[in-house]
Amino acid sequence: MNQPEYKVLIGMEIHVQLATASKMFTGAPCGGTQDANTQVDGVVLGLPGVLPVINRRAVEMAMMVGLALGCRIASITKWDRKSYYYPDLPKNYQISQYDQPLCGAGAVDITLPDGSIKTIRIRRAHLEEDAGKLLHEAGHAVSMVDLNRAGTPLLEIVTEPDFSSPDEARIFGEELRQICRYLGVSQGIMQQGHMRFEPNINLHIFQDGSVFKTAISEIKNLNSFRSVERACTYEIRRQLSQFMTDRTAALSEPKTTRGWDDDKGCTTLQRSKEDAHDYRYFPDPDLVPLRIAPEWIHTIQETLIELPMARRLRYEKLGLSAKDAAALVDERSVSDLFDAAVMLHASPRRTANLLLGPAAKVANQRTAEKGSPVLISDLGITPEQYTHLSGMMEDGTVSASAAVTIFETLCSGEEKDPLVIAQKAGLVQVRDTSTTQAWVNEAIGRNPQAVLDFKNNPKKRQASLGFLRGAVMKLSQGKADPKLVGELLESHLNSQS
Amino acid sequence: MKRSRYWQQFTGKNDRNIGINAKVSGRVVHLAGLIHELSASELARLIAEKKLSSREATRAYLDRIAQIDPTLRAFNETYETEALDAADAIDRKVSRGNALGPLAGVPMALKDNLCSIQGRTTCSSRMLQNFRSPYDATVVSRLASAGAVILGKTNLDEFAMGSSTENSAFGPTRNPWKTTCVPGGSSGGSAAAVAARLCAAALGSDTGGSIRQPAALCGIVGLKPTYGLVSRYGLVAFASSLDQIGPMTQDVRDAALLLNVIAGPDPKDSTSWPAAAADYLKDLESRPPHVRIGLPKEFFGDGLSNEVAGAIAAAVEYFKQHGAEIIPVSLPHTRYGIAAYYVIAPAEASSNLARYDGVHYGHRTNNARDLFELYSASRAEGFGPEVQRRIMLGTYALSSGYYDAYYLRAQKVRQLIKEDFDRAFESCDVILSPTTPDVAFDLGAKSGDPLAMYLCDVFTVTCNIAGIPGMSIPCGFSASGLPIGMQFLGPVFSESLMLRLARLYEAGHEWNKRIPRPILETASAA
């Protein structure tokens, strides 16, 4: 049978752990990798008689993300209990938001690989508390419970099924991660579970003039972008092949929940809707509904910064390549450094070259030496220094290669003025015509073969010109201005012909 | 010999009209046999005036507990050493002239669903039989700051679910007025302890009448504050939207004194009212202004005993004579109160009690092969039949497909009941009613019939449903010698007015000065 035409519909639920100092409903500390059950208190443990109190900062962070995703912030939001029994959930209910989420509908743009922009609709985003973890040690008859993670604020973001391919889902995930990092609401460390993805997928298959909709499957708890893309790809193939082999089952099966096996590269059935939980949602009587004044939303709105997508577009307008723009925006502190330098009228291209060239190199070296991440912004180079150095490159005071040397010296911290470094190291370009002419004359005198090649062999013209330029630079110990050298060389050689 | 001493200790030599000042003008030691006849306010004053030491008072109560409580079983646990140490600490403060809290040195009891670092917090359940709270409830800390000496924790219906204290896993408490009768519930231990003068005052909790009903049945004062006036932090939750902690005392002044100590905002309870509480002692003795007292016709219908009706009628007459205007009012949705209550309260309870699962703390079964069995067997073994019944009721009411028909509909009734009160309080300042349809019933009389037991709360549940304050004070005795209680219901935060009215009534009656006398006959008969 021929493979039919089909359309892919993917939506996602994303859990983002908010990087608050304390937990969603109590003052116990959050985050870090501590010994088991050390980041707990009575509320986290669900002791008799304890009561939850809303963490204001978590609400604000959730509002920040909501606003960044274009969501309407609710004027009244409330808390509900979601009941299910599991040992990592001390109260056996999770405090969540059922029918009045903090953030309502919104929309956010992503850039597709072909450079086009696609709008993804957000259905809602709500706050809830995370559960703990069960530790199963091989060969032990018991499981251990670690409640350090329990009670951590989680923002659950639900999109509409607007992704029409696995890579769109991945790109959205990456964009969301960057937004959260920019807003400072999450470090976005995937390995530590800061973000968890649950895509839901089905297909609209066009055949014999009809549209067939396959059953939706939801894939639980993916914690890398790669697994999002792989799991979605697998699931599309699986649903399609099920449709081709057993159409009735593919269409009539209820919604299923599937798990992703990263080693085997396949999804496995976890449960179908028939045995889904009855969560018995009801309003949490321990918490009062939260009224959100327009002024509060406004205050949060004021704190929002320009988001990564907007920055990338702006950088491209400044003349940077899409690749460089993306690389600069990747880390907010680098992007901020860049913006600060550009504000001081630094050349965008030269500054970007400094940041992504020598600065990135030094940061990588230091990371390797230290064994922990050293960012470009940790090197201690100020926007003024970047502006100064890029200006020296721009006006020809130093060459690009000299700038690398100067930058490395700046990073050592011994001297803060790039010009002083250039002068001390004799890296200031000599742009005096007579001095340069003397070097040119000397180079031409020493290399008659190259001169002959230039004149007589059009194929070797460029190569010999380059050779002679190199010779001049060598004679000048790198101080000659390559542009001037080129001009003088060419006029000299051409006049002799 | 033993019997006569028991009799004397329990009833006091001279159980009426004690002239405290006259007694204390002599040597302090003369007070010793009468300490239990002093109210908490009087004790606090005498201790502050160095006429009595807290140790003497504490010792006297501990002795009474040792003698009488084996019969009553009001206490789950007592803290003799700790209480005497606390009393000594207060006495040292007194002798050093340090500032004293308003309850300095006063021996008190806590309902055993209030978390305290001291001792166990069992909720009279096998589930928490050995549970020790690592923290103090806000009210417990406030009592401690006020200088109260905690004698022990009192019995209750398991997890406060019941109206007779018969649902305690540790056995029922008996009514000190007649030990074959129940003390009411769920704060039956606290009510019996205060009535039998095993403590100067106690705290209880009230979800549908659990302070007021046992207060009425034991002849003491019980106040259920406005929802949110007293922090629930550290009260083991039964039904979070209905639960309130309140004072259970010998007289109205003590209720005001205790409320002063425990009321007020608490950042640990999101449902606590953020404004500072009033001073309930301030105008307590002054005659209330022109007061309109509403009599809801729905509270005086079928099922109300003649004796109770008569006592209320006499009280109404008294208020009339003291210038109150009596207004007939109607609370038409009262009859749906019990039904709504027994949906909302079990629904919340089913969720609140989900944490007792044998995994983290509390009772864990020895008979489990897998996780499901660990849950089900631990809970089946740990919870008594009434708690299990309510968990099942509540789980059902919240289940998908039934939520709208039960929980949501009950919430609508809740709104209607609130509106009933709002309307009634447009024409009156306070509502007067019986607290219970009848006096205390015999142990076992209703335990086979949950619905009959639930109907004990018919006059008290609407108060919790509406979140308004309610108060029960003694207003007479039946021919059989059992106390009768009357209930005040007021608009939110009208505790001051209710207390003043109650005090006005109390000033003209001395029901609260009676101390249970017939315990000996019934105890020996039992």
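Analyst: Let's start in chain A, where 3 strands make an open, antiparallel sheet in the order β4-β3-β15 (strands are DSSP E runs of at least two residues, helices are H or I runs of at least four, both numbered from the N terminus). Its edges are β4 (93–96) and β15 (282–283) of chain A, each pairing on one side only. The model is predicted, so local features need pLDDT of at least 70 and side-chain atom pairs 80 or more, while totals for chains, interfaces and linings use all residues; side-chain values use heavy atoms, without hydrogens or water. Residues are numbered from 1 along each chain as written, with chains lettered from A and ligands numbered from 1 in written order.

Within that sheet, β3 (residues 80–83) of chain A runs antiparallel to β4(A), with 4 bridges between them (pairing takes at least two DSSP bridges). One of the residues involved is A:K82, whose bridge partner in β4(A) is A:Q94.

Which residues is B:N352 in contact with, leaving aside neighbours within four places in sequence? From chain A there are A:R81 and A:Y93, and from chain B there are B:A237, B:F238, B:A239 and B:S240 (contact is heavy atoms within 4.5 Å). With B:S240 there's also a polar contact, side chain to side chain at 3.0 Å (an N or O pair within 3.5 Å; within protein, one atom able to donate a hydrogen and the other to accept it, with sequence-adjacent residues counting only if both atoms are side-chain atoms).

Zooming out to the whole interface, chain B brings 38 residues to the contact and chain A brings 28. The two chains bury about 2600 Å² between them, 58% of it from carbon and sulfur atoms (the accessible area, 1.4 Å probe, that both parts lose on being put together, summed). On chain B's side, B:S270, B:R355 and B:H360 supply 23% of what that chain buries against chain A, more than any other three residues.

As for polar links, 19 residue pairs are in polar contact across the interface, both partners at pLDDT 80 or more. On the chain B side, α11 (337–352), α12 (371–382) and α13 (385–398) each supply at least two of the residues that touch chain A.

The rule finds 1 salt bridge between the two chains (a Lys or Arg side-chain nitrogen within 4 Å of an Asp or Glu carboxyl oxygen). It joins the side chains of B:R232 and A:D286, at 3.1 Å from N to O. For scale, a search of the whole structure turns up 50 salt bridges over all chains.

Some of those lie inside a single chain. In chain A, A:R170 bridges to A:E174 at 3.2 Å; the two are 4 residues apart in helix α3 (residues 166–183) of chain A, so about one helical turn separates them. A:E306 and A:R314 come to 2.7 Å, and both belong to a salt-bridge network that also takes in A:R311, A:R332, A:D336 and A:D339.

In chain B, the side chains of B:R292 and B:D429 meet in a salt bridge at 3.1 Å. B:R292 is in strand β7 and B:D429 in the loop between α14 (404–427) and β9 (430–434) of chain B, so the pair ties together parts 137 residues apart in sequence. B:R292 is partly exposed at 24% relative accessibility, yet 4 of the 5 residues of β7(B) (292–296) are buried, so the strand is largely enclosed by the rest of the structure. Alongside, β7(B) runs parallel to β8 (residues 325–329) of chain B over 5 bridges, one of which has B:G294 facing B:I327.

Finally, the packing. The largest nonpolar core has 162 residues, and B:F319, B:M471 and B:F488 are among those touching the most other members (buried Ala, Val, Leu, Ile, Met, Phe, Trp, Tyr and Cys joined through side-chain atoms within 4.5 Å). Apart from it lies another core of 69 residues, including A:Y93, which brings us back to a contact of B:N352.

Conventions. Buried < 20%, exposed > 50% of the residue type's maximum accessible area, 1.4 Å probe, protein only.
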